[in-house]
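Have the model open as you read.

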Amino acid sequence: MFVRIRSYCLFGIKAVPVSVEVDASQGLPGFTLVGLPDNAVRESRERVVSSVRSIGKVVTGFRMTVNLSPADLRKEGSALDLPLAVGMLLAAGEIQVPKIENFVFVGELSLDGLLKPVRGVLSIAMGLSQDRESILVIPRGNEKEASLVEGIRYICADSLKECVEALEGGDARKIVVASGLKKEGVTSSPEVLDFKNVVGMEGVKRALEIAAAGAHNFLLVGSPGAGKTLCARCLPGILPEMTEMEILETTRIHSCARRAGDSSEFRPVLTRPFRTPHHSASMVSLVGGGARLAPGEASLAHNGVLFLDELPEFNRSVLEALREPMEDGSISVSRASGTVVWPARFMMGAAMNPCPCGYAMDPKRVCTCLPDARKRYRERISGPLLDRIDIQVSVPPVEPGRFAAKTEGESSASIRSRVSAARELQRKRFQGTAFKSNAEMSSEATRRAAAMDATTERFAVSAADKMTLSARGYYRLLKVARTIADLRAAPCVEVSDLSEALRYRTFN
C-alpha cells in the first residue's frame, strides 16, 4: 500500500514542504530510505519502529520503501520522525485516517513513543498561515510557537499513541485554532539597567538616545572604567516596543537557532534582542553557517542590538564580515548545498579603548603607548567599517565628586517616551515603503526626508568637504540629523541638527 504524508524541513529559516512517501509491499522484510537524508533522518527508522511497538502496532513485516520528496533537497534533523511513523502505520494497514492529505506532521519520537519538540515550528506555521484547510500536528512542547500565527489550525500530542487516537477518532475538539500573538503585560526585563543610575555622562546618554531613535550604529570610545559598557547595557531600556510583525520575525529566527537537546521552555521574543558576543567569537558564530547552516549572532540580533565590547580585540576578518549586513540588513551564506539568506537588520554598537594602555583620552592619567602603537591599535578597525558607524562618541571619565550626588539622572522610561515618539514619526513617514527607521533610508529617500533649504544644504556640503566625508558618510550624516530633528518633531533638518550630527562623526 502506498501513502503520502505531508511534512516540512528547514533550509536556513525557510520551511520547505516535504512529502514522506511510504510504500509497503509483500516480500522479504526490509527498509529503504532515499531522498538525501542526513544521519539524524537515516537513524529515524530505529526510533520509529520502537515507538510503533510501544503502542502495540507492528510495521516490520513488510518491505518498506520511503522516499523524501523533493529528492534533491537535503533533509536534516529529527522532525520527520512523526510523519514517517504515521506513514508506515498507514501503509501497513495498522490505522485508518480519513483525509490524511489535510494533515501536516512534524515531531521527534523517543523509543517509548513520546513526542519531543523540534526547532522551526514557527516557520512551518507561518508557511501554512494562508492554507486554512491544513491541520498541523505537533508535539505539545511546540504549542506556544504554533499559537503565535493567528488562524492556523493545529493538534498537539504528548505521544504517538495520543496522536494516533486523535487521528483515528476524528474528534474536531482536538483541533485548536490559534488566536495569535498576545502582547498584554509585556515589560522590560528586570535585568535591564536604568539610565537614572548612571552618574553624569549626559553627552553619551544623548548620543545613545539619538542612536535608539533612528536605529543608528554607534561607537563609544573612552578609557577603562569610564562607563562605556554600562551605558550600552542601559540601551535596551530606551528602545521602542516591537511591532507584532517584528516579534514574529525575531522569534522565527530564534526558533530555528535552537540547539538540539535544549530543554528550556520556548518563549516568544517580546523585547528587542541585545546580543553581546565575546571578542573570541568566530566568523561562523557571528554571521552564521556551520554544518547545519544555523543563524549567527548578527541574525539573532535582528530588530535589536549587536553590541561588540572591546571592538579592536575581535578578529579583523570577523568584523569585516559584518560590513554587508550593516548595509543590506541580511546575510547570504553560500554552500555546496545551496544559498541561505538570514535577516540581519540590527543596530551595531561597539565600545573600545583609545589605545592599548587605555589612557590616551584620560586627562589625569599618562598614556604609556608609543605613537605607532596607538596608530596600529586604531587601525585594527578598518576605514570602511568605521564609515558605517553613524555615531562615534568620546566617553570622558566622570569626576569622583559626582558619585556622592544624591540626585538621580533622567530615567530610561522618560528617554524611551521621546524615542518612541520619534519612531512613530518615522513609521508614518515610511508608510508604504520597506523602510522602518531613518538608518535604513536610501540616499534618495534621505534627501527627501531631510527637506533642507538652500542655506542648510550648503552648510552640509561644506562640512562634508572639510571633513572629507565619503558619499556614504554624507548621507549617514543627513540620516542622523533627520533623527535629531525627529526628536524635536521638526518637519525639516536645520543647521543646528547638522551641527550636532557632525560632532558624532569622528572621535578624537
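Helices here are DSSP runs of H or I, at least four residues long, numbered from the N terminus. Before going on, note that this is a predicted model: local features need pLDDT of at least 70, side-chain atom pairs count only at pLDDT 80 or more, and totals for chains, interfaces and linings use all residues. Residues are numbered from 1 along each chain as its sequence is written, and side-chain values use heavy atoms, with hydrogens and water left out.

Back to helix 19. Its 17 residues should span 24 Å at 1.5 Å a residue, and the 25 Å between the end C-alpha atoms agrees with that; the expected span is 1.5 Å times one less than the number of residues. Of those 17 residues, 14 are buried, so the rest of the structure largely encloses helix 19. Buried means under 20% relative accessible area, exposed over 50%, and partly exposed in between, using a 1.4 Å probe and protein chains only.

Now for the packing. Axes are lines fitted to C-alpha atoms, for helices over the stretch in contact, and angles run from 0 to 180 degrees between N-to-C directions.

| Helix pair | Angle | Axis distance |
|---|---|---|
| Helix 19 and helix 20 (residues 495-503) | about 120 degrees | 8 Å |
| Helix 18 (residues 454-466) and helix 20 | about 15 degrees | 9 Å |

That makes helix 18 roughly parallel to helix 20, while helix 19 and helix 20 are oblique to each other. The cut-offs: under 35 degrees is roughly parallel, over 145 roughly antiparallel, 65 to 115 roughly perpendicular, and the rest oblique.

Which residues make the contact between helix 19 and helix 20? On the helix 19 side they include L477, V480 and I484, and on the helix 20 side L498 and A501 are among them. Contact means heavy atoms within 4.5 Å. Helix 18 meets helix 20 through T456, F459, A460 and A463, which face V495, L498, S499 and L502.

There's also the largest nonpolar core, 52 residues, where F218, L235 and I391 touch the most other members. Helix 19 (residues 471-487) supplies its largest share, eight residues. A nonpolar core is a set of buried Ala, Val, Leu, Ile, Met, Phe, Trp, Tyr and Cys residues joined through side-chain atoms within 4.5 Å.

Finally, look at I210 in helix 7 (residues 202-214). I210 counts as buried because its relative accessibility is 0%. Leaving out residues up to four places away in sequence, its contacts include I391, V480, I484 and Y504.

Notes:
Helix = DSSP H or I, 4+ residues; strand = E, 2+ residues; numbered from the N terminus.
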